[in-house]
Amino acid sequence: MAQDSRSNPSFVLKAIQQVAIEDIPIPEITDPYDVIVHIGQTGICGSDIHYWQRGRIGDFILNSPIVLGHESAGRIVSVGKAVKSLKAGDMVAIEPGVPCRHCNYCRSGSYNLCPDTVFAATPPHNGTLSRFYKTSADFCYRLPDHLNLEDGALCEPVACAVQICRVGLVRGGQNVVVFGCGPIGLLVQSVAKAFGARYVLGVDINKGRLEMAKSVMKSADDVFEPPQAPAGLSQDEEMEFHAKVAALIKEEFNLGDGPDVVIDATGAQSCLQIGVQLCKKGGMYVQAGMGKENAVFPIMTACIRDLTIRGSIRYVAGVYPTAIDLVASGKVQPQKLVTHRFPFEKAEEAFETVKKGGEGVMKVLIEGVHN
Ligand SMILES: *[C@@H]1O[C@H](CO)[C@@H](O)[C@H](O)[C@H]1NC(C)=O
Ligand SMILES: [Zn+2]
Ligand SMILES: [Zn+2]
């Protein structure tokens, strides 16, 4: 790897399924609030894999090469002249989306909905898998000294989980069921606990992941492996099958009328069908997983049970600081998710590992370019 002070090696998605390490221009401070960060650690997320494999997520389409990566932490290299809160050498977690700050969404605090957000590794914006990355000072959070850059990078999925629990209004005394025991599902379970949930049930069809929830993260009080619907059912039969699974869960785990909050971190049709039918009357269902674009949805149940159904995307004001706090206090321990670490030169291997997935692959980190 080039160690030249003028080089900026970056992991570039050139076209669908085509990546390479290339040198791109070193960013320069142009706005007085800019900072340049030397990237130290980056986690890989499902959306990175999605762009790499398919070149698009919804309306965001890869039309020209972009640098990948958005879950990063690093050290400040230089700051613009208006920056007072940070200085060279500071260790920061990078919130990867910088909104416009002027539209009505931004002004009301819901900047996750800003249409002009510059989000790392969302076309056409470059991501963080570079030696140096430029962003705004107010979207960099100084890490407490006892945390390291891996913790900092892992604050991104924790922030997603905090947002999901906030959207779901998860609070003290509640029963919460989380579908999915991948990185986001497990972190949602941990954050729900930290927010005071009295009981958390984790659901997944993968035994290794259920084991993670129960014994490694200790994020769920109980775990459940749902039976899978037999092939060849009609739409109505499939819904009926899932209604029975929902009834079984209520019975087996003493959930009475159903949990207060159901969070789906899978996006699978089976999970949303079970989840909506599981929710208690007047309860909350949060769609956090992105799976199928469209699904057969138990709309009548949602209506007559007076359910609140919400989506969750990115994070709003105050979420990143909460995430860092939860990690700093040890209430949420994302380090336990890390299964693989790769040096920057092996970024492609890291991506292949996540793509292949399977037993034993949870969170994969890529180290930054050494100085
Ligand atoms: C973004 O990355 C591409 C390479 O994929 C590079 O050509 C371009 O200069 C980068 N843009 C910025 C602003 O650094
Ligand atoms: Zn992510
Ligand atoms: Zn805005």
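Guide: Before we look around, here is a definition: buried means under 20% relative accessible area, exposed means over 50%, and partly exposed is in between, using a 1.4 Å probe and the protein chains only. This is a predicted model, in which local features need pLDDT of at least 70 and side-chain atom pairs count only at pLDDT 80 or more, while totals for chains, interfaces and linings use all residues. Residues are numbered from 1 along each chain as its sequence is written, chains are lettered from A and ligands numbered from 1 in the order in which they are written, and side-chain values use heavy atoms, with hydrogens and water left out.

Visitor: Okay, how many helices and strands are there in the protein?
Guide: Both are DSSP runs numbered from the N terminus: helices are H or I with at least four residues, and strands are E with at least two. By that count, the protein has 10 helices and 20 strands.

Visitor: What is the radius of gyration of the protein?
Guide: This value is taken over C-alpha atoms, and the globule rule is 2.2 Å times the number of residues to the power 0.38. For 371 residues the rule gives 21 Å, and the protein comes close to that, so it is as compact as a globular protein of that length. Its radius of gyration is 21 Å.

Visitor: What share of the contacts with a separation of 6 or more comes from residues 24 or more positions apart?
Guide: A contact here means heavy atoms within 4.5 Å. Among the contacts with a separation of 6 or more, residues 24 or more positions apart account for 69%.

Visitor: What percentage of the residues of the protein count as buried?
Guide: For the overall dimensions, the C-alpha atoms fill a box of roughly 65 × 40 × 40 Å along the principal axes. Of the 371 residues, the buried share is 53%.

Visitor: Which residues are the protein donors of the zinc ion (ligand 2)?
Guide: Donors are N, O and S atoms within 2.8 Å of the metal (3.2 Å for Na, K and Ca), and water is not among the atoms, so sites may look incomplete. The protein donors of this zinc ion lie 2.2 to 2.7 Å from it. They are Cys45 (SG), His70 (NE2) and Glu71 (OE).

Visitor: How are those donor residues spaced in sequence?
Guide: In sequence, the donors of the zinc ion follow the spacing C-x24-H-E. Cys45 sits in the loop between β3 (34-43) and α1 (46-54), and His70 in the loop between β6 (66-67) and β7 (71-79), so the pair ties together parts of the chain that are 25 residues apart.

Visitor: How many residues of helix α7 are buried?
Guide: Helix α7 spans residues 269-278 and is mostly covered. Its buried residues include Cys271, Leu272, Ile274 and Val276, and the cover over them includes β13 (175-179), α6 (235-252), β16 (261-264), β17 (284-287) and α8 (299-304). Of the 10 residues in α7, the buried ones number nine.

Visitor: Which residues does a cis peptide bond join?
Guide: Look at the loop between β10 and β11 (132-136), where Pro124 lies. Omega is about 5° at this cis bond, and the residues it joins are Pro123 and Pro124.

Visitor: What is the phi of Asn254?
Guide: Asn254 is in the loop between α6 and β16, and at 70% relative accessible area it is exposed. Gln17, in the loop between β1 (9-15) and β2 (18-23), also has a positive phi, about 60°, without being a glycine, and it is exposed at 51%. For Asn254, phi is positive too, near 55°.

Visitor: Which residues does Gln335 touch, not counting those up to four places away in sequence?
Guide: Gln335 is found in the loop between α9 (319-328) and β19 (338-342), and at 27% relative accessibility it is partly exposed. Its C-alpha atom is 17 Å from that of Thr322, 13 residues apart along the chain. Leaving out residues up to four places away, Gln335 touches Asn148, Glu150, Asp151, Leu154 and Arg341.
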